Amino acid sequence: MKYLVLVLSIFIFFSCKQNEETQETAKQEKIVYDMYEPSEMANLMNQMYAHNLKVKNDILAGNVPSEFPLDFLKIHSAEMSEFKERNAVFQSFSELFIEAEKEIYNTESTVPLEERFNKTVNLCISCHQTECTGPIPRIKKLLIK
Ligand code: HEC
């Protein structure tokens, strides 16, 4: 039963946790489980996911996305779950990601729109590979094939 609770809480809340943290006791995991609330960053990420899904569908429908969502800039400041920290790698990935996302809305770009979009999604994935691998399969679905 302890094992089940542990697995369940890791699965639900610690999709971003790395292996070393799974050694915490089942008791501790349960406490976190009870207090769980999505971080500001987690909410922003879900918003970015939904927005980019819409952009993907717009592109596939032949529409040109018109406005860079300014909310995305919160990636530089949003509070993260307690086990996450803003290190140099995170900073540089968030900058690269924001630059790429802005390019989607650059009507003067000579790079095909689909390519710009996929570049952005690949940056979501690159950052996630460094510290939060859980959502990667979901993010991959955003790629335009
Ligand atoms: C600079 C690094 C970085 C970039 C770029 C990034 N993410 Fe994330 N993502 C994170 C981190 C860190 C978390 C964990 C946040 C937390 O738990 O506080 C996260 C969490 C998530 C989650 C899980 C949210 C939840 O409910 O727990 C999803 C989904 C997600 N990101 C999708 C995306 C998508 C889609 C993109 C691109 C449009 C993206 N991410 C770009 C670092 C990044």
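**Around the ligand**

Mentor: Helix α3 gives 7 residues to the shell around the ligand, the largest share; helices here are DSSP runs (H or I, at least four residues), numbered from the N terminus. This is a predicted model, where local features need pLDDT of at least 70 and side-chain atom pairs count only at pLDDT 80 or more, while totals for chains, interfaces and linings use all residues. Residues are numbered from 1 along each chain as its sequence is written, and side-chain values use heavy atoms, with hydrogens and water left out.

Trainee: Which protein donors does the iron atom of the ligand have?
Mentor: They are M45 (SD) and H128 (NE2), lying 2.0 to 2.2 Å from the iron, where donors are N, O and S atoms within 2.8 Å of the metal (3.2 Å for Na, K and Ca), and sites may look incomplete because water is not among the atoms. M45 lies in helix α3 and H128 in helix α5, so the pair ties together parts that are 83 residues apart in sequence.

Trainee: And H128, buried or exposed?
Mentor: H128 is buried, with a relative accessible area of 11%, whereas M45, at 25%, counts as partly exposed; buried means under 20%, exposed over 50% and partly exposed in between (1.4 Å probe, protein chains only).

Trainee: Switching topic, what covers the buried residues of α5?
Mentor: The cover includes α3 (40-60), α4 (88-104) and α6 (136-140), with contact meaning heavy atoms within 4.5 Å. Among the buried residues of α5 are F117, C124 and H128.

Technical notes. Helix = DSSP H or I, 4+ residues; strand = E, 2+ residues; numbered from the N terminus.
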